[in-house]
Amino acid sequence: MSECFKFPAELTIYEVQDVHTELIAFLAGKTEVALDLSLVEELDSAGIQLAIWLVNYCRNTGVQIGTLALSDLLTARLSLLNVALTEPTTSEP
């Protein structure tokens, strides 16, 4: 069973550095994780960048994301930017 990292309600430039530090420690030695971003209520571009970095980091290091829960706000912002955090359905160049 994978451990879950719960993100804070605010994911802005003011919180991202601390959350990033916590994520690095959390991911150390893990092969599978669950990520809960469902409570994110305040978000800016730094928070979006952190979410994108996290998914790419997991892909590049072989850490499987068992569960990825996104808040409505984060889902809407990612949709506006045409960014998908889940695996692509077709191969990308």
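This is a predicted model: local features need pLDDT of at least 70, side-chain atom pairs count only at pLDDT 80 or more; totals for chains, interfaces and linings use all residues.
## Overall architecture

The protein is built from 3 helices and 5 strands, and, read from the N terminus on, these elements follow one another in the order β-β-α-β-β-α-β-α. Of the contacts between residues at least 6 apart in sequence, 83% join residues that are at least 24 apart.

The radius of gyration of the protein is 13 Å, which agrees with the value near 12 Å that a compact globule of 93 residues would have. Along the principal axes, the C-alpha trace spans about 30 × 30 × 20 Å.

## Surface, burial and charge

Buried residues account for 32% of the 93 residues in the protein. The accessible surface comes to about 6,000 Å², and carbon and sulfur atoms contribute 52% of that area.

The charged side chains comprise 4 positive and 13 negative ones, and the centres of these two sets are 5 Å apart.

## Thr12, between strand S2 and helix H1

Thr12 sits in the loop that links strand S2, residues 10-11, to helix H1, residues 13-27. With a relative accessible area of 5%, Thr12 is buried, because the buried class takes in residues under 20%.

The side chain of Thr12 makes a polar contact of 2.5 Å with the side chain of Glu15. When residues up to four places away in sequence are not counted, Thr12 touches Glu42, Leu43, Asp44 and Ala46.

## Asp36 in strand S3

Asp36 is placed in strand S3, which covers residues 32-37, and at 13% relative accessibility Asp36 counts as buried. The side chain of Asp36 is joined to the side chain of Lys6 by a polar contact of 3.4 Å.

Val16 is found in helix H1 and, at 14% relative accessibility, counts as buried. Not counting residues up to four places away in sequence, Val16 touches Leu11, Ala46, Gly47 and Leu50; Ala46 is also one of the residues touched by Thr12. Val16 and Leu74 are separated by 58 residues in sequence, and their C-alpha atoms are 15 Å apart in space.

Ile24 is likewise placed in helix H1, but Ile24 is partly exposed, with a relative accessible area of 36%, because that value falls between the limits of 20% for buried and 50% for exposed residues. Ile24 and Leu54 are 30 residues apart in sequence, with a distance of 9.4 Å in space from C-alpha to C-alpha.

Key:
Residues are numbered from 1 along each chain as its sequence is written. Side-chain values use heavy atoms; hydrogens and water are left out. Helices (H or I, at least four residues) and strands (E, at least two) are DSSP runs, numbered from the N terminus. The radius of gyration is taken over C-alpha atoms; the globule rule is 2.2 Å times the number of residues to the power 0.38. Buried means under 20% relative accessible area, exposed over 50%, partly exposed in between (1.4 Å probe, protein chains only). Contact means heavy atoms within 4.5 Å. Accessible areas come from the Shrake-Rupley method with a 1.4 Å probe; for residues, only the protein chains shown count as cover. Lys and Arg count as positive and Asp and Glu as negative; His and the chain ends are not counted. The place of a charge is taken as NZ of Lys, CZ of Arg, CG of Asp or CD of Glu. A polar contact is a pair of N or O atoms within 3.5 Å; within protein, one must be able to donate a hydrogen and the other to accept it, and residues adjacent in sequence count only if both atoms are side-chain atoms.
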